[in-house]
Amino acid sequence: MNRSVSSSSLPREHAAEARVARLQDDATWRPAIGLGLATLLLAGAVYAGVATGFAGLSYPTQAEGTLLRDGSGQVRGSAWLAQPFTGDGYFQARPSAANYDPMTAAGSNLARSNPALAERVAASTAAVAAREGVSPAQVPADLVTQSGAGLDPQLSPAAAQVQVARVARARGLPVERVQALVQAHTEGRQWGLFGQPRVNVVTLNFALDHAARAP
């Protein structure tokens with residue numbers, strides 16, 4: 001003889017099914033949450049801490065930003081960031097669309113076909129030629145064009161060489177001594193293959209200041 005299911009048992013069955021469903025959901029979410037937390041801990045904290053510590057121990061100067069300090073230990077700049085130098089006694093870096101601000105690094109983004117670019121380059125060429133006492137045709141292109149970042153401290157050897165006479169005259173140093181400093185701060189191609197020879201204007205100017213203080 002069949003017994004009909006009591007209507008009061010139906011809510012209990014539904015409640016049991018709901019509890020089972022919740023347990024299944026919990027079992028599905030727990031591994032995902034645990035994996036996410038473990039990944040965050042390992043990749044975001046442990047790896048970053050190990051990598052930072054290794055870099056600091058292996059390359060302490062570079063890890064700190066390749067900072068340049070004066071005789072009193074005060075930071076005066078970084079060897080990897082161009083900065084403005086005032087006065088005829090300093091080599092000038094490339095012009096900067098970012099005004100040498102590392103927080104707004106950028107180029108001018110002007111196309112070669114833009115008349116504004118041609119006008120700016122022409123005006124800059126005339127200004128550099130007057131400053132260095134040379135003809136406009138003798139002005140190297142990197143002295144009047146901006147880099148993509150606006151912060152590159154390197155110049156071509158030709159762009160440094162055209163400034164030697166002015167710097168030597170302003171500092172009262174022999175031209176040969178200034179040329180020797182330029183040569184000492186000229187880097188060759190990377191691994192002898194990549195890039196072009198270049199002069200770091202920032203480290204060169206710091207060396208000039210040191211040479212001026214030397215007896």
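**Entry 1: a salt bridge across the chain**

I started with Arg-171, which forms a salt bridge with Asp-209, and the closest N and O atoms are 2.9 Å apart. For the term, I went by a side-chain nitrogen of Lys or Arg within 4 Å of a carboxyl oxygen of Asp or Glu. This pair links distant parts of the chain: Arg-171 sits in helix α5 and Asp-209 in helix α7 (residues 201–213), 38 residues apart. I looked up Asp-209 as well: its relative accessible area is 21%, so it is partly exposed. My scale is buried under 20% relative accessible area, exposed over 50%, and partly exposed in between, with a 1.4 Å probe and protein chains only.

**Entry 2: ground rules**

I have to remember that this is a predicted model, where local features need pLDDT of at least 70 and side-chain atom pairs count only at pLDDT 80 or more, while totals for chains, interfaces and linings use all residues. Residues are numbered from 1 along each chain as its sequence is written, and side-chain values use heavy atoms, with hydrogens and water left out.

**Entry 3: the other salt bridges**

How many salt bridges does a search of the whole structure find? The search gives 4. Arg-198 forms one with Glu-187, with the closest N and O atoms 3.5 Å apart. That pair also links distant parts of the chain, with Arg-198 in strand β5 (residues 198–200) and Glu-187 in strand β4 (residues 186–187), 11 residues apart. Arg-198 counts as buried because its relative accessibility is 19%, whereas Glu-187 is partly exposed at 28%.

Next I checked Glu-132, whose side chain meets that of Arg-131 in a salt bridge (2.7 Å, N to O). Glu-132 is buried, with a relative accessible area of 8%, but Arg-131 is partly exposed at 31%. Then I found that Arg-131, Glu-132 and Arg-166 are linked in a network of salt bridges.

**Entry 4: rings**

Back to Arg-171: it also lies over the face of Tyr-90, at 4.8 Å from the ring centre. To count as over a ring, NZ of Lys or CZ of Arg must be within 6 Å of the ring centre and within 35 degrees of the ring normal.

I then looked for aromatic pairs, and the structure holds 2. Phe-85 is buried at 13%, while Tyr-90 is partly exposed at 22%. The rings of Trp-191 and Phe-194 have centres 6.1 Å apart and planes at 80°, so that pair is edge-to-face. Trp-191 counts as exposed, at 70% relative accessibility.

**Entry 5: Val-162 and helix α5**

Where is Val-162? I found it in the loop between α4 (157–161) and α5 (164–171). Helices (H or I, at least four residues) and strands (E, at least two) are DSSP runs, numbered from the N terminus. Val-162 is buried, with a relative accessible area of 16%. Leaving aside neighbours within four places in sequence, Val-162 is in contact (heavy atoms within 4.5 Å) with Glu-132, Val-134, Gln-138, Pro-140 and Leu-143. Val-162 and Leu-143 are 19 residues apart in sequence and 10.0 Å apart in space, C-alpha to C-alpha.

As for α5, its buried residues are Val-164, Arg-166, Val-167 and Ala-168. After α5 comes Gly-172, which has a positive phi, near 70°.

**Entry 6: the whole protein**

Last, I zoomed out and counted 7 helices and 5 strands. Along the sequence I read the pattern α-α-β-β-α-β-α-α-α-β-β-α. Of the 215 residues in the protein, 27% are buried. Among contacts between residues at least 6 apart in sequence, 57% join residues at least 24 apart.

Notes: Rings of Phe, Tyr and Trp (its six-membered ring) pair if their centres lie within 6.5 Å; planes under 30 degrees apart count as stacked, over 60 as edge-to-face and the rest as tilted.
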